[in-house]
Amino acid sequence: MTQEYFSDLNYSLGNEDTDMEVAIVNKLKPKKVFTIAGCGSRALPLLSCAPDELTCIDVAKPQLLITELRLKTLETLNYQDFMTFWGFSPYDKTDFSDRRKEMFQRLNLSSEAREYFSEYFSRVNWGSLLYEGKWEKTFSIMSKVVRLILGKHARKALEFDNLENQIDYYNNEFPRGKWKLILFALGNKSVFNALLYKGDFIKKNVPESHFDYYREAYDRLFTQGLVNESFFMHLCFQGKIINEHGNTVEADQETFHACQAALEGGCKVNILNQDLSTAAKNLEGQNIDYASLSDVPSYFSGDLEKNFMQEVRGMLSEGGVVVLRNYLREPEVDTSGYEEITLKFSEEIRSEKVQMYKVRIYQKVSD
Ligand SMILES: C[S@@+](CC[C@H](N)C(=O)[O-])C[C@H]1O[C@@H](n2cnc3c(N)ncnc32)[C@H](O)[C@@H]1O
């Protein structure tokens, strides 16, 4: 079972573009939001639609602790201090360790979170935690291989501010042969298991090969939006976000202030150490309007895979919406009692800046 993998601090920056779901919730305006926590960067920006309640769940304690840390920095710090604390560009160029320590003292953290991060920050000399997750560290290693093989192109790919010019470069100058070699060498199950998942990597059921899955996703990232505006592409080519254009939506000033306003407006945030099935049972009849399940169901199998949407249905309001980010595996799941509404959000899905997920969006329909 993948519990082994989901027990450590795997994510710290995150590997989903939450901007897609910020756009969706600001269209739907749900009052009660339920979400997988991850590292919090996929959850807290959903506050920007000013819900009455946000419930974040996760099976991994370190993920819940970093989600709590993110929430407290959002509640306590002003925008510039938030950017400095997390080390988002351009606040990553200077050593702010003393400032970070001082800000940390001001946060109203649980004793467990204070103890965990006091120890963690001491270990990293009060440096930024943004790239401390196992996933982020794995991509930092992989990006070294990318720079070795692509040379100057690992930087040039991030230098375009015009899509037409970028596509022309991608089609005529970008070393596609070397790029395919990298995808072939790194984009497969054994490498991901060796470097990160230790045997828990997803059991693919999509028809295309791992190579084609990643090749097509990167094709979209080079042709549907500016590479320089994708934090994921910054990580792939440079191991970190190297300029402000690459910052994620949680670092967006307008989104930051909308989230702070929601908290000041009384939005209740619950952070729960529960798995999806248990949480769905506990929240039965609670009229959840929006449920963001990330790619968690892609890790499911057997009865859990088949029945999770029926479990979730019990906690949803009439018309409640569920968003899945399927990764390499489309769950073989019973979706009776739902209508699929994915096409209503095709523009938001097309603009998503990671493009590694097959997004499916469902709406509960009455019995
Ligand atoms: C693949 S990750 C998604 C993380 C996300 N990509 C991010 O950027 O933060 C799945 C997250 O769900 C959690 N998780 C895995 N299985 C779960 C389950 N059955 N119920 C609740 N959380 C689960 C993991 O601990 C992890 O934080």
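Predicted model: local features only at pLDDT ≥ 70, side-chain atom pairs only at ≥ 80, totals over all residues.
1. Helix H3. This helix spans residues 79-86 and is mostly covered. Seven of its eight residues are buried. They are Tyr 79, Asp 81, Phe 82, Met 83, Thr 84, Phe 85 and Trp 86. Note that Asp 81 is on that list.

2. The ends of H3. At the start, Asn 78 brings a side-chain oxygen to within 3.2 Å of the backbone nitrogen of Gln 80. Just after the helix comes Gly 87, with a positive phi of about 80 degrees.

3. Charges over rings. Trp 86 of H3 is buried. Arg 70 lies over the face of Trp 86, 4.5 Å from the ring centre. A second case involves Arg 123 and Tyr 120. Here the charged end of Arg 123 sits over the Tyr 120 ring, at 4.4 Å from its centre.

4. Aromatic pairs. The whole structure holds 33 of them. In one, Tyr 170 and Phe 174 have ring centres 5.7 Å apart and planes at 40 degrees, so this pair is tilted. Both residues, Tyr 170 and Phe 174, are buried. In another, the ring centres of Phe 192 and Phe 201 are 5.1 Å apart, and the planes meet at 20 degrees, so this pair is stacked. Phe 192 and Phe 201 are both buried as well.

5. Asn 10. Beyond its neighbours within four places in sequence, Asn 10 is in contact with Tyr 5, Gln 63, Gly 133, Lys 134, Trp 135 and Glu 136.

6. The largest nonpolar core. It has 100 residues. Which of them touch the most other members? The answer is Leu 69, Phe 117, Tyr 218, Phe 232 and Phe 237. Take Tyr 218: leaving aside neighbours within four places in sequence, its contacts are Tyr 170, Trp 179, Leu 183, Phe 232, Met 233, Cys 236 and Met 356. Tyr 170 also belongs to the tilted pair with Phe 174.

7. In soluble globular proteins, nonpolar side chains tend to be buried together.

Notes
Residues numbered from 1 in each chain as written. Heavy atoms only, no water. Buried < 20%, exposed > 50% of the residue type's maximum accessible area, 1.4 Å probe, protein only. Helix = DSSP H or I, 4+ residues; strand = E, 2+ residues; numbered from the N terminus. Polar contact = N/O pair within 3.5 Å; in protein donor to acceptor, adjacent residues only side chain to side chain. Phe/Tyr/Trp six-rings, centres within 6.5 Å; stacked < 30°, edge-to-face > 60°. Lys NZ or Arg CZ within 6 Å of the ring centre and 35° of its normal. Contact = heavy atoms within 4.5 Å. Core = buried A, V, L, I, M, F, W, Y, C linked by side-chain atoms within 4.5 Å.
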